[in-house]
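This report describes one protein model. Look at the sequence and the structure before reading on.

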Amino acid sequence: MAKLLVSCLFLVISSSASNLTGQDFEGELSQWETHRPTGVQASFMMPKKPFYVERSFSPLEGKPPIKVRIFVSSVLEGDITFIFSYHDLHTEPAGRQAISEALQGVVRGSVFNVLGNLLPAEEVGMSQNPFAISLDGNLGLQYVYRFARDKEPFIVTSRVFAVGKRIYQLNCIMIEKNYDAFIPAKFLKTIKLHDPDHDLPPRPRKRPS
């Protein structure tokens, strides 16, 4: 399941290249906007309005397909791609061990699917890679890996969270020669969870009898 999910995400990566000025956050990186699509039960920020795609797949025989909802924003002619995605599992993982296994499965699938390699933890400023994190008490992992596309090396910084039976994932994909840790750090911290009731469309008012 994780491998197919990652295949959906990387359909949108561009192989173009340009020069990145880095930490100054000028141009396309200067204005970040919050996006809170209906039904997502979360919000996130991107420097450019994302486009939306859906992918469906059937990870288990006899089970209904799982729909992956993906929001993608590319800047600097594709040198940097921001991806926010989520999907619902058929059943909610029961207990910390099951949640951890589900998250580790996403990590393994992400890296293996693009024939990538997790970077040494010390190289990316973490005590270990993947690194355990949380979001409002929900377990998650942050991990960084390298892969090549058309012989161009990329670095991907990702966060994945399990919230009930929903899996949220954020990816910042950068051409390695222009890698700037400040950019994924900014993006990955923008996710916020919201009350599901607040994501519903407005309910029509009842007319007085």
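Is Phe-187 buried or exposed? Phe-187 is buried, because its relative accessible area is 0%; buried means under 20% relative accessible area, exposed means over 50%, and partly exposed is in between, computed with a 1.4 Å probe on protein chains only.

## Model and overall make-up

This is a predicted model, in which local features need pLDDT of at least 70 and side-chain atom pairs count only at pLDDT 80 or more, while totals for chains, interfaces and linings use all residues. Residues are numbered from 1 along each chain as its sequence is written, and side-chain values use heavy atoms, with hydrogens and water left out.

The protein has 209 residues, and buried residues make up 46% of them. Its secondary structure comes to 3 helices and 11 strands. Helices (H or I, at least four residues) and strands (E, at least two) are DSSP runs, numbered from the N terminus. Along the sequence they follow the pattern α-β-β-β-β-β-α-β-β-β-β-β-α-β.

## Strand 5 and its partners

Strands of a sheet pair through backbone hydrogen bonds, either parallel or antiparallel. Here two strands count as paired if DSSP finds at least two bridges between them. Strand 5 pairs with strand 4 in the antiparallel sense over 7 bridges, and Val-75 has Ile-80 in strand 5 as its bridge partner. The hairpin of strand 4 and strand 5 has 4 residues between the strands, and Leu-76 takes a positive phi near 55° there.

Strand 5 also pairs with strand 10, in the antiparallel sense, over 9 bridges. Ile-80 stands opposite Met-174 in strand 10, a strand that covers residues 166–175. Met-174 counts as buried because its relative accessible area is 1%. The C-alpha atoms of Met-174 and Gly-78 are separated by 8.6 Å, although these residues are 96 residues apart along the chain. Strand 5 is mostly covered, with 8 of its 9 residues buried.

## Aromatic pairs

A pair of aromatic rings is described by the distance of the centres and the angle of the planes. Rings of Phe, Tyr and Trp (its six-membered ring) pair if their centres lie within 6.5 Å; planes under 30 degrees apart count as stacked, over 60 as edge-to-face, and the rest as tilted. A search of the whole structure finds 10 such pairs. One of them is the tilted pair of Phe-71 and Phe-84, at 6.2 Å centre to centre with 50° between the planes. This pair links distant parts of the chain, with Phe-71 in strand 4 (residues 66–75) and Phe-84 in strand 5 (residues 80–88), 13 residues apart. Phe-71 counts as buried because its relative accessibility is 9%, and Phe-84 counts as buried because its value is 0%.

Phe-82 and Phe-187 form an edge-to-face pair, at 5.0 Å centre to centre with 65° between the planes. Phe-82 is in strand 5 and Phe-187 is in helix 3, so this pair also links distant parts of the chain, 105 residues apart. Phe-82 is buried, with a relative accessible area of 0%. Ring pairs also link Phe-44, Tyr-52, Phe-71, Phe-84, Tyr-86 and Tyr-168 into a cluster.

## A hairpin and an open sheet

Strand 7 and strand 8 run antiparallel and are joined by 5 bridges. Ala-132 stands opposite Leu-141 in strand 8. These two strands form a hairpin with 2 residues between them, and Asp-136 in the turn has a positive phi of about 50°.

Elsewhere, 3 strands form an open sheet in the order 1-2-11, with antiparallel pairing. Its edge strands are strand 1 (33–35) and strand 11 (192–193), each of which pairs on one side only. Strand 2 (residues 42–46) and strand 11 pair over 2 bridges, and Ser-43 has Lys-192 as its bridge partner in strand 11.

## The largest pocket

The largest pocket is lined by 18 residues, and Val-124, Met-126, Gln-142, Tyr-179 and Ala-181 lie nearest its centre. On a 1 Å grid over the protein atoms alone, a pocket is an open set of points where a 1.4 Å probe fits, with protein on both sides within 12 Å along at least five of seven lines; lining residues have an atom within 4 Å of a point. Strand 7 (131–135), strand 8 (138–149), strand 9 (152–163) and helix 3 (182–188) each supply at least two residues of the lining.
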